[in-house]
Amino acid sequence: MMLNHLLRPAALAVTLAATAAAPAFAQAQQTAAAPARETPPPPGKPRELKLPAIETYKLANGMQVTMIPFGSVPKVTLSLRIRAGRLDEGGKFGVADFTSALMNEGAAGQSAVTIAQRAGDMGGGIGVDNGLEFFGAGISVLSEFGPEATRLLADVVRRPNLPESELPRIKQDALRSLAIAKTSPQSLADDAFTKAFLPNHPFGHGLLTEQEVQAVTIDDIRRFHTEKLGAKRAHLYVAGQFDAAAMRQAIEAAFGDWQQGPEPIIRPADAASKLNVVLIDRPDAPQSTIYLGAPLPDPRAFKSRIPMSVANDVLGGSFTSRITLNLREDKGYTYSPSSSASYGTGYGQWILVADVTSAHTGDSLHEVFKEIRLLGSEPPSKEELEAKQNGLAGIWILRTATRGGLISSLAFYDSFGLPRSELEQYVGKVRAVTPQQVSSVISQYLKPDAMTLVIVGDLKTVRPQLQKVPEIASAVPSL
């Protein structure tokens with residue numbers, strides 16, 4: 001507070017000085033000739049990523065380790081990914097979530113505050129989180145503390161306190177978040193889409209219920225941690241500046257005697273492939289939340305994965321994509337729709353998300369399907385395609401220019417057994433995508449009769465509009 005108070009007068013003084021100088025400046029400008037504008041140089045083309053000398057090896061217990069000497073900043077990032085999650089809960093949903101949460105409540109007899117202070121003293125932070133398929137634990141510190149950070153990470157993952165006393169508070173936080181989610185049209189749409197898109201699979205469970213939150217016990221959590229998190233399921237990534245010999249020794253000492261645990265459970269999910277329309281009423285809502293998705297192939301077998309990324313960027317994946325320019329700039333139906341292509345074990349999904357005005361919900365969908373048809377039948381121009389290719393290539397280079405981004409990219413490829421060599425070929429493969437390939441993947445995979453559509457909105461206003469959209473009219477639920 002004191003710092004802010006001291007800064008305000010200085011900022012005000014600058015503002016007042018600038019205001020006082022404005023008339024004189026304007027007069028000088030009137031008498032001076034305006035300099036000729038210079039044409040800025042054209043942007044350079046992003047170059048391919050050049051991976052450092054990456055080393056991957058296994059400990060005797062099966063844990064994988066990848067060492068990535070990277071960058072010139074004297075920091076090192078350790079990221080441990082453990083293949084455990086929803087498939088390991090045995091039908092008692094929420095156990096993995098609460099295990100992850102409690103693992104952040106101290107370890108090896110030390111409090112969460114002490115753990116955080118230890119990480120902070122090394123110049124970084126530490127934490128555990130989880131998703132449907134993976135637990136993640138990570139720490140970034142100054143390079144000299146790499147071995148000590150390894151030991152701290154092992155404590156958090158292998159020896160968490162899992163205090164029963166903290167479980168009621170964490171459950172209350174979860175119930176509060178659930179209550180908030182139930183008031184959010186985006187959360188409701190996301191939940192309904194997940195359930196409709198991945199039916200009959202644990203990945204499609206959606207939001208936890210209040211009963212599921214309350215049913216999780218400390219015994220469930222401790223059992224999950226003991227039985228499901230083990231070395232065979234773990235992959236530790238180390239990226240940055242570090243002493244390789246010292247880190248290898250520290251990793252062996254910290255994780256070498258970790259229990260092997262079970263083999264990871266792999267159960268591919270089959271996404272819905274028939275037209276399905278789900279409507280959720282939100283009476284008198286001024287906007288409709290739209291989730292529109294289509295299934296994509298398993299990433300391990302999807303040879304058109306990169307062309308699909310490029311095609312998505314042309315269609316709806318960027319701020320200057322066709323759907324965004326249509327719905328936002330031309331029609332004014334929404335602020336910023338967006339689409340993406342993402343992947344899980346055994347499936348992929350293309351999804352468009354948008355909040356549109358209620359009165360133009362049907363119109364918005366009509367325009368979306370029109371853009372899909374148009375791109376699927378008429379290849380984009382060379383200029384339009386090159387702009388998107390340059391954008392994707394640039395984002396890729398920026399992403400892989402950080403320790404965390406490079407680890408994340410490597411982990412994606414490793415998770416699906418994809419060749420790491422593609423990391424160094426990505427920019428070239430993006431640039432090699434042709435206009436015809438863009439049209440081909442759109443027409444082949446974004447078929448309206450295979451899509452899942454969820455709309456949260458004022459159904460008395462929205463339903464009649466949807467019945468006039470040819471692509472979905474037959475599947476719109478009746479009153």
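I needed a cut-off before reading any burial values: buried means under 20% relative accessible area, exposed means over 50%, and partly exposed lies in between. I also noted that this is a predicted model.

**Entry 1: salt bridges**

I looked up the total and found 28 salt bridges in the structure.

I started with Arg-158, which forms a salt bridge with Asp-257; their closest N and O atoms are 2.7 Å apart. The two residues are 99 apart and link distant parts of the chain: Arg-158 belongs to helix H4 (residues 146-158), and Asp-257 to the loop between helix H9 (244-255) and strand S7 (276-281). I then checked accessibility on each side. Arg-158 has a relative accessible area of 17%, so I filed Arg-158 as buried. Asp-257 comes out at 58%, so Asp-257 counts as exposed.

Next I took Asp-298 and Arg-300, a salt bridge with 2.5 Å between the closest N and O atoms. Is Asp-298 buried or exposed? Asp-298 is buried, because its relative accessible area is 17% and the cut-off for buried is under 20%. Arg-300, at 45% relative accessibility, counts as partly exposed.

**Entry 2: helix H2**

How many of the residues of helix H2 are buried? I found 7 of the 9 in H2 (residues 95-103) buried, and I noted the helix as mostly covered. The buried ones are Val-95, Ala-96, Phe-98, Thr-99, Ser-100, Leu-102 and Met-103. For reference, an α-helix has 3.6 residues a turn, so residues three or four places apart point the same way.

I then asked what covers the buried residues of H2. The cover includes strand S4 (126-130), strand S5 (135-142), H4, helix H5 (167-181), helix H7 (210-215) and helix H8 (218-228). H4 is also the helix that holds Arg-158.

**Entry 3: the sheet**

I traced an open sheet of 5 strands in the order S7-S11-S8-S10-S9, with mixed pairing. S7 and S9 are the edge strands, each pairing on one side only. The twist from one strand to the next averages 15°.

Going through the pairs, I found strand S8 (residues 287-296) joined to S10 by 10 bridges, the two running antiparallel. Across this pairing, Ala-294 stands opposite Trp-350 in S10.

S10 (residues 347-357) also pairs with strand S9 (residues 338-344), in the antiparallel sense and over 7 bridges. Here Ser-342 has Gln-349 in S10 as its bridge partner. The hairpin of S9 and S10 has 2 residues between the strands, and Gly-346 takes a positive phi near 90°.

Last, I checked what lies across the sheet. Helix H17 (residues 459-466) lies across S7, S8 and strand S11 (452-457), and runs at about 160° to S7.

Conventions. Residues are numbered from 1 along each chain as its sequence is written. This is a predicted model: local features need pLDDT of at least 70, side-chain atom pairs count only at pLDDT 80 or more; totals for chains, interfaces and linings use all residues. Side-chain values use heavy atoms; hydrogens and water are left out. A salt bridge is a side-chain nitrogen of Lys or Arg within 4 Å of a carboxyl oxygen of Asp or Glu. Helices (H or I, at least four residues) and strands (E, at least two) are DSSP runs, numbered from the N terminus. Buried means under 20% relative accessible area, exposed over 50%, partly exposed in between (1.4 Å probe, protein chains only). Contact means heavy atoms within 4.5 Å. Two strands pair if DSSP finds at least two bridges between them. Axes are lines fitted to C-alpha atoms, for helices over the stretch in contact, and angles run from 0 to 180 degrees between N-to-C directions.
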